Every structure is written in C-alpha cells, then in structure tokens.
Amino acid sequence: MSAPGDSGERILVVDDEAAIRGLIRRLLERAGYDCRTAESSAEAERILDEESFELLLADLQMPGGSGLDLMAGVRATHPDTATILITGVDDPQLAEAALSLGAYGYIVKPFSPTELSIQVMNALRRRKLEIAQRHERKRLEQVVEARTAELRQAVEDLKLSEEETARRLAAAVEARDHETAEHIERVGEYSALVARWLGLPAEHCELIRRSSTLHDVGKIGVADEILPKPGPLTSAERVAMQRQAMIGHDILSGSRLDLLELAATIAWTHHERVDGTGYPRGLAGSEIPLEGRIVAVVDVYDALTSDRPYRQALSHDRALALMNTGKGTQFDAIVLDAFLAALQHAEPAIHPPEAAVA
C-alpha cells in the first residue's frame, strides 16, 4: 500500500504567519507531498492562476481577504482543487460555513502532525473520488447522448422506410386505377390541414398526412374491368368495388408500424357515413375513427373536383355546395366545417385540381 504523498500531489499552503506556513510545509513534504506557500489571498490567487494544485490549505484570518473568500473563489475557478480551512477558532458555525463552500476539511490550531496528515489524506482521496465520479457522469452523459442520437436516427430511418412503403403501395394503386400522384398527395395534404385545424398534435397530423395516401390501396384487389369503367356500376360491380375497403384493411393491418396501422384504419373506415349507411360495416357517428371521418371529406372533395372516366370535374364552389347537402348525414359536420374553414386559409402550396378553379 502506497504511503501518503507517494503520487506527488501538489499542495498550496496559505497563511500569513511564516512559522505556521513553514511548519505545515515541513510536515507535508516529510510525508512526500510537493508544497508551495503563500502569505496572502492575493498571492495565492496569482499562484493558482499559474500552477495547478490538488489541495489548498488556507488560514481563516489573513490580510487582504479571509480564507473563506479565497475558498469560494477557488471553488468557482479551480473546481478540481480541494480545500481545507485552518483556523484558531473552534466554532461550529464557522465550520458549517466552510463546508457549505465546499471545504473538504476543517483544522483547528493547534493541531498534531497526525491530525494534519489524516485531514490531508481524506481530502485528497475524496477529491480523487469526486473527480472520477464527475468524469464517469460525463462519460455516461456522452453515451446517453450518442445512444439518443442513434435512436433518433433509427426512428427517422423507420419513418422514411414506412413512407417509402406507403409511396410504393400508392404507386401500385395509381397503376391500377389511373389515379394521379397529385390526387394521392392532395388527399394527404388536405387531411393534415384539417387535422391541424381541429387542433390535433403536429406529430399526429404528419402521421395522418402520410397514412391517408393509402386510403384506396384496396383497389389493388378490384377487377380490372370495374375500376376504369366509364358508366354506372351494376349492383354486383358495386359490391365488388366496396370490397376494396376490407381489402385495403387486410393489406395494411398487422404490421405494428404506426403509419401502416393508421392507414389500415383509414382504408377501412373512410367510406363509412355518420348516419350509419356507409360501408363496409355501417358504422355511425363517433364509431367512425376521426381519421376516417377526415379522409371521407377530403377524398370526396378531391374526387368531385377531378376528372373521372364517368364525368367531368366539378368547380370548387359546386363541389362544396354538393358536399354541404351531406352535412351531418354523409359527413361529420364538425370535420366538414373544419375543412371549409381550412380551405379558406390553406397554404399556397396546397392547390386543388385545375378543373376545380376553372
């Protein structure tokens, strides 16, 4: 086991009495420490600015400043330097004041060499422990910061992966139904716009934007002769077309990815009506998830204001007038009102189809 001072710790002794300074220095150097002395706080501060020390021993009463003031300054500017207060007054309140300033020890004159040695060893050991703990905390903070950055990147990569999956599925629908990419993007933008107008959290609004682009993914399972048919559908064809809501849900559900799970819900519910006469399950009112009620409104608006194989696009005003006749029956009244209000304040980046503004 190493003896005190074997590692060559540096100690600064500050006392205005030369005899005390000399005595402490001799005792500490005899124990193997490297010592320097100062006779005032000002001299000690100058030395500390030029050299580093593991420990400062300071007398309480000195010309030009007290040991407490010196310790307070050292704690602020040299946090790795331990401090011990030396005083001729055995005062519990003074000891408490010194300890509150971060002092590692409190020595009352006269003191024995053993007492001095024990106080110095304890202060230096505590200093090493606190520095090690500080470094470990810093290391752990850096590890946590790095892991957090990695997790954020992983989440972002997952979101990008989810969105890429959504894009590819949406592209498959476009290929089958000849819908344009602009229609799918508009449904997403309109849905997020309404969600924001309704006061939903920004993160959920973005999730709705991405998920709603897959609202008609079930059309992948509809026969080729039905999707582009220019005339009215027969009863059997209408039933086959309505199956797309269930098909879309079955394609998208069960992934445990938030984007695809919400997309599954939207695909399943955006053809429901608030009066309970929609499909595929005849849900009514609040039984229909809010996201489904939102997409029900924006999908119909964009469909009405876009050219279809069986009709030309309606104007913006005509489409809104027609939709208002379904307020409270086909469409959720609050959602429809939010859509109308949001359209009036829509960002320039969101444009209806050209035919709608013609």
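This is a predicted model: local features need pLDDT of at least 70, side-chain atom pairs count only at pLDDT 80 or more; totals for chains, interfaces and linings use all residues.
I will start with helix α2, which covers residues 41-50. Which residues of this helix are buried? They are S41, A44, I47 and L48. Those residues span an arc of only 125° around the axis, so they sit on the same side of α2. The other side of α2 has A42, D49 and E50, and these are exposed. What do the buried residues pack against? Their partners are the strands β1, residues 10-14, and β2, residues 34-38, together with helix α3, residues 67-77. To put the helix together: S41, A44, I47 and L48 are the buried residues, and A42, D49 and E50 are exposed on the other side.

Next, the aromatic rings. How many aromatic pairs are there? With ring centres required to lie within 6.5 Å, the count is three. One of them joins Y190 and Y301, with centres 5.7 Å apart and planes at 85°. Planes over 60 degrees apart count as edge-to-face, so this pair is edge-to-face. Y190 belongs to helix α6, residues 181-197, and Y301 to helix α10, residues 290-304, so the pair ties together parts that are 111 residues apart in sequence. Is Y190 buried or exposed? Its relative accessibility is 1%, so Y190 counts as buried. Y301 also has a relative accessibility of 1% and counts as buried.

Y301 has a further partner in F339. Here the centre-to-centre distance is 5.2 Å and the angle between the planes is 65°, again edge-to-face. F339 lies in helix α12, residues 333-344, and Y301 in α10, so this pair ties together parts that are 38 residues apart in sequence. F339 has 0% relative accessibility and therefore counts as buried. Y190, Y301 and F339 make up one aromatic cluster.

Last, the charges placed over rings. Which ring lies under the charged end of R10? It is the ring of F53, and the charged end is 4.5 Å from the ring centre. R281 has its charged end over the ring of W268, at 3.5 Å from the centre.

How values were computed:
Residues are numbered from 1 along each chain as its sequence is written. Side-chain values use heavy atoms; hydrogens and water are left out. Buried means under 20% relative accessible area, exposed over 50%, partly exposed in between (1.4 Å probe, protein chains only). Helices (H or I, at least four residues) and strands (E, at least two) are DSSP runs, numbered from the N terminus. The arc is that of the directions from the helix axis to the C-beta atoms. Contact means heavy atoms within 4.5 Å. Rings of Phe, Tyr and Trp (its six-membered ring) pair if their centres lie within 6.5 Å; planes under 30 degrees apart count as stacked, over 60 as edge-to-face and the rest as tilted. A charge sits over a ring if NZ of Lys or CZ of Arg is within 6 Å of the ring centre and within 35 degrees of the ring normal.
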